[in-house]
Amino acid sequence: MRVVAAMSGGVDSAVAAARMLDAGHEVVGVHLALSQSAATLRESSRGCCTIEDAGDARRVADRLGIPFYVWDVAERFRRDVVEDFVQEYAAGRTPNPCLRCNEKIKFAALLDKALALGFDAVATGHYAQIVENADGTRELHRAVDPAKDQSYVLGVLDEDQLARSFFPLGDTTKPEIRAEAQRRGFSVAAKPDSHDICFIADGDTRAWLTQRLGERPGEIVDESGQTVGSHSGAYGFTVGQRRGLHLPRPAADGAPRYVVDVDVPRNVVTVGTADLLGVDEIHGDHLRWCGPVPRGEARLGAQIRAHGEEVPAVVRVLEAGQSDPTGAADPTGAAGSPAAGEPTVQVRLERRVRGVAPGQSVVLYDGTRVVGSATISSASRQRIGSAS
Amino acid sequence: MNAYLDHAATTPMLPAAIEAVAAQSAVVGNASSLHTSGRAARRVVEESRESIAAALGARPSEVILTSGGTESDNLALQGTLAARSAADPRRRRLVVSTIEHHAVIDCVEHLVRSGRAEVSWVEVDRCGHVTPQALTAAIGDDPESVALVSVMWANNEVGTVQPVAELAAVAHAHGIPIHTDAVQAVGHLPVDFAGAGVDLLTLTGHKLGGPLGVGALLATRAAEISPLVFGGGQERQLRSGTLDTPAVRGLAVALEAATAGLAEEQRRLVALRDRLVRGALDLDYGITVSGCWQEGDAAGRLPGNAHLLVPDCEGDSLLYLLDAAGVECSTGSACQAGVPQPSHVLLAMGYSEAQARGALRLSLGHTSTDADVDAFLAALPGAVERARRAHGVR
């Protein structure tokens with residue numbers, strides 16, 4: 001096959017490209033330029049998109065003897081990932097831009113251009129596995145290395161995208177990949193892993209958001225409504241957050257306090273003790289299915305964060321307009337506001353999970369298989385007594 | 001075997017030049033040394049200098065050997081500005097065309113940013129010509145403030161040849177020296193330094209069949225110019241550094257060969273170029289030629305230059321698809337961190353950014369054959385069809 005290897009300049013995508021070549025494919029390396037101003041984002045950000053990263057990727061491609069191109073997707077990235085990130089925070093939600101990037105950039109803008117140019121597929125250095133069934137359909141599964149498994153951020157891919165994707169690293173652990181990169185003589189073998197959000201250069205998300213959304217001073221209150229502190233913009237807080245609250249006094253009982261609610265329209269951040277954080281029911285919209293849509297009440301695993309634990313759950317897809325089948329309405333009365341005419345999903349967790357924030361993605365698993373994902377619109381506590 | 005249609009980027013070394021470089025590389029000798037080996041090296045350098053001067057209508061003392069085009073351009077601009085503004089502080093303005101190579105434009109912008117110069121840009125017409133009228137207008141009514149005029153001999157993207165002698169006359173009528181970047185012209189067009197009347201002229205080896213990393217700045221004895229690098233005082237104290245004797249020899253041999261067969265090679269390349277352009281225009285894709293092209297014209301446009309605009313395509317998509325089909329060419333414009341930028345030359349000539357994105361430069365040279373043109377014309381339709389599909393999904 002003719003395959004575009006997305007090459008970030010890191011060790012993973014370098015080995016992925018090499019493995020595709022070894023497998024007998026015709027491989028062309030492509031580095032995605034994500035910023036229009038070469039002087040800002042690309043020089044100072046960490047983990048991706050720097051000029052050095054493009055150069056590192058080129059060095060690997062030259063060593064492999066494959067053609068290498070830089071494709072400019074800066075405008076799409078700005079619109080679909082960066083702007084979306086800002087808008088989500090402005091609306092009081094906590095988005096995961098990596099999922100967004102996979103959905104809109106790597107397996108959309110990049111894949112579409114590759115297909116139009118006559119390629120058959122895209123390969124990336126994500127740690128996940130694709131299993132091909134006898135009938136030719138493909139399933140997305142967790143990687144064998146639980147410490148590196150990235151199937152969570154790929155939970156937005158549909159069957160068509162999976163049919164055109166390769167993840168050649170899913171059957172290997174990260175230390176083995178580094179050793180292989182060393183063996184292959186790649187200059188990037190010892191390059192540190194990327195962390196954090198690539199377009200926020202210093203990793204300070206709140207300061208970055210403040211630059212774009214402006215300071216909006218407001219109050220931090222406890223669950224009784226009493227003011228216990230102040231903040232410079234509720235949009236910068238996430239449910240479950242403990243650090244960075246700068247509360248002047250500790251709680252009376254000395255217990256640590258967490259953000260338990262973020263109300264952006266009123267610009268109020270509510271804090272409370274850990275026991276207020278646990279939720280056992282999640283509603284989500286923006287559904288993405290990697291394979292068949294689950295029917296009825298499906299017993300699946302639910303994962304809320306990129307490296308969070310998987311919790312057993314009962315999942316039910318609600319068609320547009322269908323009311324909550326349990327009748328247990330969200331106590332706040334706000335079960336999210338999905339786009340009209342779109343199905344939503346209800347995820348009832350077997351035990352309470354802490355720190356679930358609207359805007360995050362819940363990714364559903366059946367064993368190691370990724371079933372699909374939804375964007376969390378609301379979370380609540382329905383059953384009494386389940387451990388938090 | 002790939003069809004190499006990117007001679008304007010760099011052209012293969014001529015066999016005679018390879019031989020000269022190899023032979024000279026086997027010989028020890030610093031041209032500044034006084035002993036026998038040094039004198040032998042100096043003899044090679046000076047004979048090469050005489051040969052280069054003879055090929056270009058210059059005197060040997062006017063040849064300042066450098067590392068290539070970029071260094072020569074920088075020496076011309078920065079060196080002249082430094083010397084002339086030191087002599088008269090009013091002279092801090094550079095009058096420069098909008099279609100120069102980045103070696104000139106970025107140097108000027110650096111001088112402006114650092115507060116050492118001001119710039120007056122000279123606009124070009126739709127063909128990419130700098131007219132004497134436009135130059136006169138840019139000089140304005142304050143010629144005493146101008147340190148230097150710089151207009152390239154032939155453009156590296158669209159191949160437009162400038163009326164250099166006329167522009168030199170305009171500059172001199174205002175008492176201003178003129179530099180011309182002739183990197184694309186030397187070895188491809190008749191270039192007469194004295195005849196053109198310019199004060200400074202840039203050339204480089206690797207565009208005419210010589211080695212990479214060697215070039216020259218021709219500078220009249222009267223040119224006021226300060227050095228950029230200091231050291232052993234070689235090259236009229238203007239360019240210190242031990243001379244690269246093998247490279248200098250290679251440059252001279254290549255220039256001799258290119259000059260000797262120039263008229264015949266021009267006719268050959270013009271015929272190939274015209275067949276290539278005609279073939280591309282005859283396809284049903286709305287392809288146009290940038291600038292002005294006339295069949296048989298070897299004087300107004302570089303003989304080996306074909307620059308096409310393909311509507312509804314990204315130049316870099318075309319580049320990839322043609323490369324995959326064994327045809328090597330260029331969009332002609334520079335990348336920024338690997339990302340293709342719309343050509344400043346095309347924008348200056350009045351093309352839109354959308355038109356400029358579909359640019360494709362095919363440049364022919366001494367190894368080009370009919371088979372190369374055939375390969376390009378055979379690969380083009382498939383590449384355009386696919387590139388258009390990719391363009392649609394952006």
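# Strand pairs, burial and contacts in a predicted model

Reader: Why are β16(A) and strand β17 (residues 369-380) of chain A called a pair?

Author: Six bridges join β16(A) to β17(A), and the two run antiparallel. Strands here are DSSP runs of E with at least two residues, helices are runs of H or I with at least four, and both are numbered from the N terminus.

Reader: What sort of model is this, and how are its residues and chains labelled?

Author: The model is predicted, with local features needing pLDDT of at least 70 and side-chain atom pairs counting only at pLDDT 80 or more, while totals for chains, interfaces and linings use all residues. Residues are numbered from 1 along each chain as its sequence is written, and chains are lettered from A and ligands numbered from 1 in the order in which they are written.

Reader: Which residues stand opposite each other in these strands, and what lies between β16(A) and β17(A)?

Author: Val362(A) stands opposite Ala374(A) in β17(A). The two strands form a hairpin with two residues between them, and Gly367(A) in the turn has a positive phi of about 65°. β16(A) is also joined by three bridges to strand β13 (residues 298-303) of chain A, again antiparallel, where Gly301(A) faces Tyr365(A) of β16(A).

Reader: What makes strand β16 (residues 361-366) of chain A largely enclosed?

Author: Five of its six residues are buried, so the rest of the structure largely encloses the strand. A residue is buried with 20 or more other C-beta atoms within 10 Å of its own, exposed with 12 or fewer, and partly exposed in between; C-beta atoms are placed from the backbone. Over the 388 residues in chain A, 45% are buried.

Reader: With which residues is Ser151(A) in contact, leaving aside its neighbours within four places in sequence?

Author: They are Ala128(A), Leu140(A), His141(A), Arg142(A), Ala143(A) and Val370(A). Contact requires the C-beta atoms of two residues, placed from the backbone, to lie within 7 Å. As a separate distance, the C-alpha atoms of Ser151(A) and His126(A), 25 residues apart along the chain, are separated by 7.9 Å.

Reader: Into which domains is chain A divided, and how many residues of domain 1 are in contact with domain 3?

Author: Chain A has domain 1 (2-183), domain 2 (215-266) and domain 3 (279-380), with bounds from an automatic or database domain assignment. In domain 1 of chain A, 21 residues are in contact with 17 residues of domain 3 of chain A. β6 (138-142) and α6 (159-163) of chain A each supply at least two residues of that side of domain 1, and β6(A) gives the most, with four.

Reader: What is the make-up of the side of domain 1 of chain A that touches domain 3 of chain A?

Author: That side has nine nonpolar, six polar and six charged residues. Nonpolar means Ala, Val, Leu, Ile, Met, Phe, Trp, Tyr, Cys and Pro; charged means Asp, Glu, Lys and Arg; the others, Gly among them, count as polar.

Reader: How many residues of chain B are in contact with chain A?

Author: 13 residues of chain B are in contact with 15 residues of chain A. α10 (315-324) and α13 (370-392) of chain B each supply at least two residues of that side of chain B, with α10(B) giving the most, five.

Conventions
Pairing = 2+ DSSP bridges.
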